[in-house]
Structures are given as C-alpha cells and as structure tokens.
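Please consult it alongside the sequence and the structure.

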Amino acid sequence: MLSNKHILGMDDLSADDIARILETAESFAEVNTRRIKKLPTLRGLTVVNLFLEPSTRTRTSFEIAAKRLSADAINFSASASATVKGESLRDTAATLAAMSCDLVVVRHKYAGAPRMLAEMMDCSVVNGGDGIHEHPTQALLDLYTMKRALGRLEGLRVGIVGDISHSRVAGSLVPALRKVGATPVVIAPPTLLPSRPDVLGAEVAWDLDEQLASLDVAYMLRVQMERADGMPFPSLREYARFYGMNAARLAKMKPEAIVMHPGPMNRGVEISADVADGDRSLVLTQVESGVAVRMAVMYLLLGGADSGVAA
Amino acid sequence: MALLLRGGRVVDPSVGLDEVCDVLIRDGLVVEVGVGLTMPKGEEVDCTGMVVMPGLVDAHTHLREPGREDEETVASGTRAAAAGGFTAVCAMPNTEPVADEGAAVRFLLEKAETEGAVRVHVIGAITAKQEGRALAEIGDMASEGAVAFSDDGHGVADAGTMRLAMDYIKRFGVPVVSHCEDTALAGRGVVNEGVVSTRLGLPGWPAAAEEVQVARDIRLAQLTGCPLHLAHLSTAGSVALVRDAKSRGLGVTCEVTPHHLFLDEDDITAAYDTNMKMNPPLRTAEDTAGLLAGLLDGTVDCIATDHAPHAAHEKALEFELAPFGTTGLETALALVATHVVAAGTADWPQVAQWMAHGPRAALGLPEVRIEPGAVADITIVDPAQEWVVEPGGFVSKSRNSAFLGRTLTGRARDVLIGGYFALRSGKVVV
C-alpha cells in the first residue's frame with residue numbers, strides 16, 4: 001500500500017512510498033525477463049488508460065504493465081473518444097465512474113486535469129502526464145534506472161538539460177530527486193526556464209559546459225519543435241552547440257556518469273546519435289524500467305499487499 | 001411620501017458629514033439632515049447601529065445581456081447589485097453582440113428602465129466588435145447616453161488605434177476605460193507568472209503585461225488630453241505609474257477590485273479552483289499591499305467589482321480552458337467592511353469615497369450627496385452583521401465567487417434609489 005490513493009504528482013508520494021515502488025519494481029523487472037511474463041495479480045480488475053492527448057510510448061507502457069498483471073486494460077484515447085465531440089472532462093469522468101473501473105491512468109493536455117478526475121471518481125487515479133505540470137511515473141522510472149545503473153540515489157548530482165519551462169518530466173523529476181536525497185540542477189537558456197525556477201527546489205545553471213564535470217547523470221530533455229508561440233532560441237544548430245549532448249561533452253563527464261532521455265529523441269539536437277546509441281546511454285533501459293515501475297505502481301495502488309494469489 | 005432614516009451614523013465625506021443623525025427624504029430627494037427630525041406623516045426607518053451613506057456605484061459590471069442570459073440579465077444583475085448595496089452599475093460592452101452602436105446602448109437603457117432594480121449606466125465599445133481595429137460608433141453611442149468607452153476584456157493592442165480612439169473620444173467629454181493587457185506578453189497565461197505558474201505548471205502572465213499598457217495609455221492620455229480610467233489594476237507597479245501620472249497633473253483615474261485586494265496568487269492551490277482564475281490574474285502579496293496603499297493615499301480612485309458571472313458548466317472545465325472572472329456585486333461591500341473597516345485600516349468615510357464618490361467622479365456620473373436637495377440614492381449598511389458566502393445565497397444567476405465559504409462582517413441592509421427601496425432589510429424588493 002502507498003500513503004495516498006492517487007498519484008497525481010510527486011507530492012502524493014513519501015520517500016518511503018518511492019522506496020517501496022522501486023523495490024517492488026525490481027521483482028517485476030525479474031518477471032519481465034521470463035519467457036512467460038504474465039502474473040495473475042490483478043485478475044478481474046479494470047485499468048482504464050484515458051489518454052486525451054496523443055501518446056504511444058507512455059500508453060503502451062501502461063497497457064503492457066496492466067496486461068502483465070492480468071488486469072483488463074482498456075484504452076480510451078482522444079481520437080476514439082467522446083471528447084472530440086465536445087464532452088467535458090467531468091462528463092467523461094462520470095461516464096467512467098459509472099462503469100466502475102479500478103484504476104484510471106490519465107494523460108491530458110491541461111494541468112490539474114488528473115485532480116479533477118480524482119475528485120469525481122472512487123477509484124485510484126494515476127497522472128500519466130498533465131500539461132506542463134507533472135509526469136510522476138516517468139520520474140519514478142528514471143529514479144529506478146539511475147539506482148540500477150549507479151547503485152544509489154542519495155548524493156547524486158543530476159543535470160536536467162533543456163526545456164524546463166514546458167517539461168512535465170522535469171516537473172516531477174526535480175521534486176522526486178529531492179525526496180531521495182539527490183541534487184537536481186536544471187540547465188537551460190533563460191528562455192526555457194520557468195519564471196521562478198527557485199520554487200522547484202533545483203539549482204539553476206545557464207551553462208552546460210561548466211556543469212559537466214560535476215554531474216553523475218545528464219538528463220537530456222526533448223526539444224519541442226512543434227511549438228506554436230515561436231522558438232525560444234535562434235536555431236536547432238545553435239541549441240545543439242550550447243546544450244546538445246555529444247561525444248566531446250560526454251568525455252568531460254565522470255567516467256561512470258550516464259546519459260538519459262525520456263524519449264522520443266531528436267538525434268543531432270539535444271543528443272547526438274553516437275551518444276544516444278553508446279554504452280553510457282540508458283535510454284532503452286528507461287523504457288524497459290517503465291513497464292516494471294508501472295506494474296509496481298498499479299500493484300501497490302490496487303492493494304497489492306495480498307500478493308495477488310487470492311484474486 | 002416621506003421617509004425618515006432615524007439615528008444612523010450618516011457618512012458623506014463630500015459634505016464633511018460623519019455623525020449620528022436623521023435623514024428626511026421626500027419625493028425622492030433628501031430634504032433635511034439633522035438631529036431629532038420630525039415629519040407630519042410618513043414612514044420612519046430605525047437606523048440605529050447602521051451606517052447611512054451615499055449610494056454605491058459599481059464602475060465595472062458584466063450584465064451579460066444580450067447574449068448570455070443564462071449567466072446574468074439586466075434584471076438579475078441589477079438585483080444582485082441591490083443585494084450588495086449598490087444603487088447603480090456601469091455595464092461593460094463585451095456582450096454578444098458587442099455594444100458598439102447606439103441601438104445597443106438604447107436597448108440596455110430601456111431594459112434597465114423596465115426590468116432593472118438599480119440604475120444602469122452603459123459603457124460602449126472603443127472599437128467595432130471590440131476587435132481592436134476600426135472605431136466603434138462612438139458618437140452614436142454617446143448620443144444615446146454611453147458614459148464611457150472600453151474594450152474591456154481585451155487590451156487595445158495597437159497603440160496607434162488607441163491614440164486615434166482617445167483623440168476622437170475626448171470631444172464627447174467622457175473617459176476611455178482601459179483594460180491593460182499586452183496580449184503578446186500575456187500570451188496564453190492564466191495565472192500570475194512566478195511562483196504559482198511554476199508550481200502548478202500553468203502558463204504565466206507577467207505583471208509587465210499590464211504595466212506596459214498602463215504606461216502606454218498614460219502617455220497617450222498626455223498626448224491626446226482624453227480622460228483615462230484604468231480598469232482593474234492588479235500590480236503595485238501599475239499603482240506606482242498612476243501615482244506618478246497624478247503627481248504630474250494628468251487626467252488619469254483608476255480602480256481596483258476586491259479580489260485583487262483580498263486574494264493573492266497563493267490562494268490558487270493544487271485544487272486548481274477555477275473561481276480563482278481572473279483577468280488580470282491574482283498577483284503577489286506585495287501587489288495586494290501596493291493596491292491597498294494606493295487606495296489609502298488616494299492614488300486609486302475607486303473599488304469596482306468586475307462582476308463576471310459564468311455558467312457553472314464552463315467554470316467546471318480544466319483550469320486553462322475555464323473562463324476568467326468571479327462574481328462580485330454581492331460580496332464587494334462586505335469584503336471591504338471585513339478586511340478594511342473591521343480590520344481597522346480605514347473607516348466608513350473612506351469607503352464612501354472609494355465606492356460612491358470615486359467611481360462617479362472617475363466616470364463623470366451625476367454626484368450623489370447626503371444634503372438637502374440631493375437625489376435620495378442611499379445605501380444603509382449593517383456593519384456588524386456576520387454572514388457566510390454560500391453558493392445558495394446569491395441573487396445573481398451565477399455562483400462563481402472566489403470567496404465561497406468566507407465568513408464576512410458587514411452587509412447592506414437597505415438600498416434606496418430616488419427615495420424608493422430596492423433592498424429592504426436584506427431582501428431585494430423591486
């Protein structure tokens with residue numbers, strides 16, 4: 001069990017909760033290496049993936065996690081849903097509540113939407129990314145990946161590089177790192193920082209090169225090239241020159257330091273192809289960890305203390 | 001018929017009045033103010049313990065008619081105004097369609113005549129359809145009785161258009177009411193840019209988006225000589241700009257709202273309460289202190305509600321999608337009574353200045369005084385009444401108040417308009 005019924009943001013999780021999730025994920029990761037990967041744990045329970053914003057990676061990860069635990073996973077996505085016909089989120093929530101599901105994972109374009117759902121539904125709600133606010137399961141799988149690679153979380157210095165102001169990944173990763181005793185450093189040009197980065201609780205830096213030697217992890221954020229309100233830097237080339245991870249920059253980092261990216265990557269922009277595919281990159285490990293961590297989250301939220309066999 | 005208001009604390013700073021005395025009203029006019037008044041026949045109203053003051057005016061009201069009668073109408077909005085202690089409201093033109101021609105002004109004034117519970121003054125649009133391009137039919141509207149012009153709801157983006165409008169409007173002797181919002185800076189912002197936008201992952205709206213247009217419009221007032229009234233100022237920086245303009249003798253006035261005075265961005269929490277979503281957004285505690293200081297030193301001329309009723313199903317949307325605004329007519333006076341008077345920061349003569357005389361002077365409306373010969377537009381306040389702001393307690397058609405659940409001290413008991421009750425013992429009687 002976790003201390004809250006929902007995971008809407010990192011505030012809902014204590015340090016103990018995080019430790020329990022990472023520990024539980026470890027045993028599921030082992031299951032994921034077997035030929036038969038399915039457990040009966042959540043048999044008879046219904047998990048709805050309510051994805052009201054296009055997403056393939058995160059939705060698939062949640063769907064696989066639910067199915068490996070034998071839950072009935074239903075995908076309710078924007079293109080197929082009533083929301084395109086103008087149904088409000090509250091009506092959607094009421095409709096889902098009437099169908100009595102057990103867990104809803106919600107991805108939504110606007111901040112705060114998961115909380116609206118949680119207020120209206122009896123079941124647990126997991127935030128699968130809301131606007132530019134939070135994406136807590138991404139932060140959890142990132143912690144899991146770092147811990148597996150570096151053996152610890154406490155004391156790590158993690159540079160999060162790129163579009164901090166529009167990143168729900170950073171929105172959850174910064175508080176997550178603080179909860180486990182690591183030091184987040186957000187590294188970006190001022191145009192990609194929120195107006196008050198100090199309230200995030202991260203160190204702030206404009207110059208990536210000055211930070212490289214001190215970092216244990218370089219976490220590269222995706223540059224959003226489809227922005228409507230104009231690019232906040234002159235060109236992708238200039239961005240790559242100042243903030244892109246490449247072999248030369250990697251060489252300036254500690255020998256054991258790792259490179260991460262939440263995907264999908266813009267190769268040659270925030271990360272060069274050779275680094276992305278190199279042995280210091282944990283990009284695919286992150287994806288792999290995502291399934292185990294999301295299995296752990298579902299298992300613990302849905303009363304996983306009974307080990308599932310009674311179901 | 002005659003009416004004798006007996007034994008209230010009669011407050012009117014415009015005639016230097018603040019004493020416990022009686023007010024005699026006959027045929028819609030104040031005929032005598034003094035102690036121990038008598039009348040041959042008529043009705044006596046006990047005002048012991050009450051504050052009797054000139055009728056309050058709201059300089060900034062959205063009545064939503066025509067177009068959104070599901071949210072408010074002239075009838076319901078003016079009843080809400082009476083319930084809140086107002087004897088008059090100034091209706092903003094951002095209706096559907098926009099009030100941008102004389103017929104729209106006439107429509108509202110006729111509606112108010114037949115269905116209104118309080119007086120209604122009409123503010124017309126500056127530009128056609130409030131699109132910020134061609135001038136609206138300003139002279140046509142002025143001829144029908146428009147008291148001011150505003151594109152409220154939007155800033156006039158183009159400085160040249162604003163200059164043209166102010167040059168044109170000055171010949172009609174009425175002010176431009178400026179909604180200061182530089183849309184290029186405000187962007188998609190829905191909350192103050194700073195701590196709250198960062199914490200909640202919501203697009204931020206910097207104070208500078210207001211202040212650059214405040215500064216611009218003050219310069220344009222200087223250039224054109226057109227009187228300028230600045231709507232709903234939300235930042236300490238805006239107040240400082242107005243203070244400077246007034247010190248240079250410019251014809252600039254301004255208003256602040258109760259929500260910008262008594263709420264700040266920290267009231268927007270992880271609950272994402274859309275009733276806290278305002279245009280301009282709630283600012284910092286330093287800003288609210290700056291607004292209050294501006295009121296106390298006379299930089300800020302008046303308190304206006306920006307009463308913005310919204311349908312419940314629209315306020316129930318995601319924070320970024322929900323409409324901006326809070327209702328205000330029924331809570332404004334009580335909030336000032338609670339947070340300023342009961343708190344000991346100011347006294348009733350100042351409230352009369354901010355809510356009765358200030359808005360009339362800013363918009364050039366007829367003066368109302370408590371002296372013989374004056375029209376008997378009077379608000380009688382019970383300064384001790386405690387009440388809770390509850391969704392079921394509103395006269396307005398809408399319930400989107402940012403102050404739901406608050407316990408307030410002080411409430412309008414009676415409202416007299418031309419000597420007739422619009423509100424009596426807390427009940428709207430028109």
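Asp12(B) has Leu17(B) in β2(B) as its bridge partner. The two strands concerned, β1 (residues 2-12) and β2 (residues 17-26) of chain B, run antiparallel and are joined by nine bridges; strands count as paired if DSSP finds at least two bridges between them. The model is predicted, so that local features need pLDDT of at least 70 and side-chain atom pairs count only at pLDDT 80 or more, while totals for chains, interfaces and linings use all residues. Residues are numbered from 1 along each chain as its sequence is written, and chains are lettered from A and ligands numbered from 1 in the order in which they are written.

**Hairpins of chain B**
- Four residues lie between β1(B) and β2(B) in their hairpin, and Gly16(B) in the turn has a positive phi of about 65 degrees.
- Strand β3 (residues 29-34) of chain B pairs with β2(B) in the antiparallel sense over five bridges, and Val33(B) in β3(B) stands opposite Val23(B).
- The hairpin of β2(B) and β3(B) has two residues between the strands, and Asp27(B) takes a positive phi near 55 degrees.
- Helices (H or I, at least four residues) and strands (E, at least two) are DSSP runs, numbered from the N terminus.

**Eight-stranded sheet of chain B**
- An open sheet with parallel pairing has eight strands in the order β6-β7-β8-β9-β10-β13-β14-β15 (chain B).
- Strands β6 (56-61) and β15 (302-303) of chain B are at the edges with a single partner strand each, so one side of each has no neighbour in the sheet.
- Within this chain, β9 (residues 148-150) and β10 (residues 176-178) pair in the parallel sense over two bridges, with Phe149(B) opposite Val176(B) in β10(B).
- Helix α1 (residues 74-83) of chain B lies across β6, β7 (86-91) and β8 (119-124) of chain B, at about 135 degrees to β7(B).

**Helix pair in chain B**
- Helices α8 (residues 236-247) and α10 (residues 285-296) of chain B pack at an angle of about 30 degrees, with their axes 8 Å apart; axes are lines fitted to C-alpha atoms, for helices over the stretch in contact, and angles run from 0 to 180 degrees between N-to-C directions.
- The helices α8(B) and α10(B) are therefore roughly parallel to each other, a term for angles under 35 degrees.
- Ala236(B), Val239(B) and Arg243(B) in α8(B) meet residues of α10(B), including Leu291(B) and Gly294(B); contact requires C-beta atoms, placed from the backbone, to lie within 7 Å.

**Contact between the chains**
- Chain B gives 20 residues to the contact and chain A gives 21 residues.
- On the side of chain B that touches chain A, the largest share, five residues, comes from helix α6 (residues 195-200) of chain B.

**Chain A**
- Chain A has 11 helices and nine strands.
- Its radius of gyration, taken over C-alpha atoms, is 19 Å, close to the 19 Å that the globule rule gives for 311 residues, so chain A is as compact as a globular protein of that length; the rule is 2.2 Å times the number of residues to the power 0.38.
- Buried residues make up 51% of the 311 residues in chain A, a residue being buried if 20 or more other C-beta atoms, placed from the backbone, lie within 10 Å of its own.
- An open sheet of four strands with parallel pairing has the order β2-β1-β3-β4 (chain A).
- Six bridges join β1 (residues 46-51) of chain A to β2(A), and Asn49(A) has Asn75(A) in β2(A) as its bridge partner.

How values were computed: Angles under 35 degrees count as roughly parallel, over 145 as roughly antiparallel, 65 to 115 as roughly perpendicular and the rest as oblique. Two residues are in contact if their C-beta atoms, placed from the backbone, lie within 7 Å. A residue is buried if 20 or more other C-beta atoms lie within 10 Å of its own, exposed if 12 or fewer, and partly exposed in between; C-beta atoms are placed from the backbone.
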